[in-house]
Amino acid sequence: MTGALQLWILAGAMVGGGIGLLVWTLRPAQPDLVQVLARLAPANPTAQLVGSPAPAGWKDRIGMWAIRNLPGSWWRGVPDTDLAILGMPLRAYYGEKVASVLVALVGVPLLGGLYSLMMGLPLMVPALATVVMAVVAWLLPDRRIATAAARARVEFRRSLSAYIDLIALGRAAGGIGTRQAMETGAGLGRSWPFERIATTVVRSRYSGVPPWDALAELATAQGLPDLDDLADTLRLAGEEGAQVFATLKARSSALRNAITTADRAEVNARSDRLMLPTLVMAAAFIGVVIMAAVFRILAA
């Protein structure tokens with residue numbers, strides 16, 4: 001049996017195994033309801049403010065299979081705060097990671113095997129490439145989720161500065177209480193940060209929890225330190241009746257200054273990153289001109 005035939009057999013077996021695994025994974029399942037609810041229940045009830053629908057997509061089904069069958073040690077280091085601020089359930093997170101690995105296990109052996117066959121490389125090359133790409137595919141969802149969560153926190157921070165102003169205006173101009181100012185201010189916004197704050201504040205009314213404590217729990221669950229600071233200020237106003245108009249205005253101003261500083265730093269960083277391609281193009285142009293002159297001199 002020649003090496004090329006062995007390579008084709010190995011590639012066909014890996015592709016067929018990957019397709020069979022996908023079919024077996026996507027088949028209708030009947031999970032243990034008690035076990036699934038126990039695994040999906042968050043440690044903090046405020047960690048998932050928006051109810052998650054029943055699994056319908058193929059990634060959700062893969063995630064449910066992963067929750068039932070894969071060992072729990074594989075899921076250490078789950079970014080709970082990032083998932084909470086994105087409103088992403090655990091099953092979608094698990095499904096995205098497992099799906100990425102399955103794509104790598106199916107695609108890399110096929111492409112790597114064909115490339116190795118054309119170039120005459122040993123079978124070890126696509127095998128090692130498959131292992132490396134599987135590890136990269138396992139880590140890529142974490143990177144994507146961290147980037148999306150960072151953008152979501154920036155957006156939440158911008159909305160929070162406006163929310164602080166609305167609370168301060170309600171307390172100063174309307175003469176209303178702290179809870180009412182929080183509910184009224186949250187109801188005026190239409191963006192998702194305002195809706196999330198409004199949901200938390202309104203839910204605290206029916207659960208008997210002070211709204212500032214509910215906001216503090218939301219800040220802890222989703223990694224929002226600015227919201228935690230606001231909750232401390234509102235707790236002082238609600239429990240001790242302190243006048244916090246000046247404090248809220250100062251906090252809003254400081255938050256806007258911090259946002260402006262962060263934006264300027266990001267713009268400067270992007271400008272610095274754009275300098276490298278420009279320098280490379282300039283160096284390549286100068287190199288072409290110099291080499292042309294050198295070849296002309298040598299030819300003479």
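**Figure 1. Asp82 counts as buried, at 13% relative accessibility.** Buried means under 20% relative accessible area, exposed means over 50%, and partly exposed lies in between (1.4 Å probe, protein chains only). Asp82 lies in helix α4; helices (H or I, at least four residues) and strands (E, at least two) are DSSP runs, numbered from the N terminus. Leaving aside residues up to four places away in sequence, Asp82 touches Ile145, Ala146, Ala149 and Arg153, where contact means heavy atoms within 4.5 Å. The model is predicted: local features need pLDDT of at least 70, side-chain atom pairs count only at pLDDT 80 or more, and totals for chains, interfaces and linings use all residues. Residues are numbered from 1 along each chain as its sequence is written, and side-chain values use heavy atoms, with hydrogens and water left out.

**Figure 2. The protein has 11 helices and zero strands.** From the N terminus on, its elements run α-α-α-α-α-α-α-α-α-α-α. Of the 300 residues of the protein, 33% count as buried. Among contacts between residues at least 6 apart in sequence, 72% join residues at least 24 apart.

**Figure 3. Ala127 has its place in helix α6, residues 124-173.** Ala127 counts as partly exposed because its relative accessibility is 38%. Gly112 is 15 residues away from Ala127 along the chain, and the C-alpha atoms of these two residues are separated by 8.3 Å.

**Figure 4. Helix α7 (residues 178-188) packs with helix α8 (residues 192-207).** Two packed helices are described by the angle between their axes and the distance between the axes. Here the angle is about 145° and the axes are 8 Å apart. Axes are lines fitted to C-alpha atoms, for helices over the stretch in contact, and angles run from 0 to 180 degrees between N-to-C directions. On the α7 side, Arg179, Met182, Glu183, Gly185 and Ala186 take part, and they meet Phe194, Ile197, Ala198, Val201, Ser204 and Arg205 of α8. By class, this contact has six nonpolar, two polar and three charged residues. Ala, Val, Leu, Ile, Met, Phe, Trp, Tyr, Cys and Pro count as nonpolar, Asp, Glu, Lys and Arg as charged, and the others, Gly among them, as polar.

**Figure 5. Helix α8 has a set of buried residues.** Pro193, Phe194, Arg196, Ile197, Ala198, Thr200, Val201 and Ser204 are buried in α8. What covers them includes α4 (80-86), α6, α7 and α9 (211-222). At 1.5 Å a residue, the 16 residues of α8 should span 22 Å, and the end C-alpha atoms are 22 Å apart, which agrees; the expected span is 1.5 Å times one less than the number of residues. Gly208 follows α8 and has a positive phi, near 80°.

**Figure 6. Three aromatic pairs are counted.** Rings of Phe, Tyr and Trp (its six-membered ring) pair if their centres lie within 6.5 Å; planes under 30 degrees apart count as stacked, over 60 as edge-to-face and the rest as tilted. One of the pairs, Phe156 with Trp192, is tilted, at 6.0 Å centre to centre and 55° between the planes. This pair links distant parts of the chain, with Phe156 in helix α6 and Trp192 in helix α8, 36 residues apart. Phe156 is buried, with a relative accessible area of 1%, whereas Trp192 counts as partly exposed at 25% relative accessibility. Tyr163 and Phe194 form an edge-to-face pair, 6.0 Å centre to centre with 90° between the planes. Tyr163 in helix α6 and Phe194 in helix α8 are 31 residues apart, and both are buried.
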